Amino acid sequence: MKRTRVVLTLFVALGLVASSCGQKDSARRAGEAFDSRTATGGGGSAAATTAPTATTRPSRPDSSVGVTAAEIRIGIHAPISGAGAPPESFRLGYDLYWRALKRRIHGRTVRIFLEDDKYNPSGAVAACKKLVEQDKVFLILGAAGADQLAACAKYADGVGVPYLSEGIAREGFDYGTYFANTPTYAVQGWILAEYIAKVIKAKSVVMVRANTANFDEGEKGLQTAAKANGLDLKVITVPKDASAGEVQSAAVQVCSSKPDVVYPLMSPAIFLQLASGVKAQNCKPRWAGVGNTMGINLVASVACSQGTVDGGASFFSSYPALDEVPKLDPGYRKAYEQLNHKTGDDIGWGLWAAMKSVRTLLDKAGPKLTRQTFIHFLEGKKFAAEVTPGTDFRKSHFGGTGVHVVKVNCKASPPQFETEFSFATGF
């Protein structure tokens, strides 16, 4: 119990950041149509809107910075501090895949540079500037946090550096150098609405979301999807850094609505406070939502120990839970134990999955590698699923095709998330 209280204190005080289902992809198509409509400002129903098409980007000078005959430099910005997540998880996992990989990429080794974005937009820009100006990286990966990803994506585009992250929204991310490797929150909203209606078999939903503009499209996508799936939806907005009183007020509003499901679109720190407040109101809804950092085992440990997810909780993620490691890539556990002398955690697993996808992109891009040739190469290609769902950049830079669904198991020792569905595109 002492460890749990310490972990919870870290979450609350510091604020942790914010795809064999797949039998059909109606939710993804509808979500992509909604994405296209919000990007162009067009009207009409989401289902009738055509999928997005590639945007003609202005030409810019090419650059081979970060690529030599001997190495490729890749940068990552992550919430090592200011987030409550264990810094050791990032430091042990950020370059594990490349340390374990025995072969080179077209004769080049890959060198990874990790920077702390301190879980705030200004910190993200500072981290990305260091990666570009001092470390001279070829491309940047964003680890987590919608506002941090948006800030660095804008900066990276200004200096012509390829930037990859999970999908959040189109507005604020539609840049020539940016690529989303998971569906945006609007697209995931369509998949989530089907999951709630057909898997959970619920009718009423309350979405509690932070007031950042980067979540606006996610809300609009869910509203349209809820209507299409016969769900009764209510939306409650809270400040991104909500006070205890503001979270408690939201909890009262949630329970007064008596929803079947609550969708928290916020940092896990605020989610944990909200879940505690909801429990104090003597209601026990099912929790379901999106976001990689919501479905990590540290969140499960705290939530289960407090009894705040007794009604169940599931979240969408770009990588499955650790129970899928033996099937999808048993090399992760072996490499973590051999190189770090301990058992690998799910944050390391997520980093491993992301790097495995990057390795595929670099492999297929070929030996003549520059920033612009890499961008042009991605724009015309579709890539198969590995640990993460596949990506399709043939029509736009928003290439996510599916999600994994992880479900909390509070009876496990220790409590953890387990994979409920893999590579889901709809239900």
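**Entry 1: a pair in a helix.** I started with D363, which forms a salt bridge with R359; their closest N and O atoms are 3.3 Å apart. D363 and R359 sit four residues apart in helix α14 (residues 346–365), so about one helical turn separates them. Helices here are DSSP runs (H or I, at least four residues), strands are E runs of at least two, and numbering goes from the N terminus. Are D363 and R359 buried or exposed? Both D363 and R359 are buried. That word means under 20% relative accessible area, exposed means over 50%, and partly exposed is in between (1.4 Å probe, protein chains only).

**Entry 2: ground rules.** I noted that this is a predicted model, where local features need pLDDT of at least 70, side-chain atom pairs count only at pLDDT 80 or more, and totals for chains, interfaces and linings use all residues. Residues are numbered from 1 along each chain as its sequence is written, and side-chain values use heavy atoms, with hydrogens and water left out.

**Entry 3: other pairs.** How many salt bridges does a search of the whole structure find? It finds 13. In one of them, R209 meets D216 at 3.0 Å, N to O. R209 is buried at 4% relative accessible area, while D216 is partly exposed at 32%. I also looked up R394 and D392, whose side chains meet at 2.9 Å, N to O. R394 is partly exposed at 48%, and D392 is partly exposed too, at 22%. Then I found a network: E115, K130 and D135 are joined by salt bridges that share partners.

Entry 4: The largest cavity has a volume of about 670 Å³. A cavity is a set of points on a 1 Å grid over the protein atoms alone where a 1.4 Å probe fits but cannot get out; lining residues have an atom within 4 Å of a point. Points are joined across faces, edges and corners, and the volume is the space filled by probe spheres set on them. Of the 39 lining residues, A143, N292, S318, G350 and A354 are the closest to the centre. Which element gives the most to this lining? My helix from the first entry, α14, does, with ten residues.

Key. Salt bridge = Lys/Arg side-chain N within 4 Å of Asp/Glu carboxyl O. 1 Å grid on protein atoms, 1.4 Å probe; cavity = no way out; pocket = protein on both sides within 12 Å on 5 of 7 lines; lining within 4 Å.
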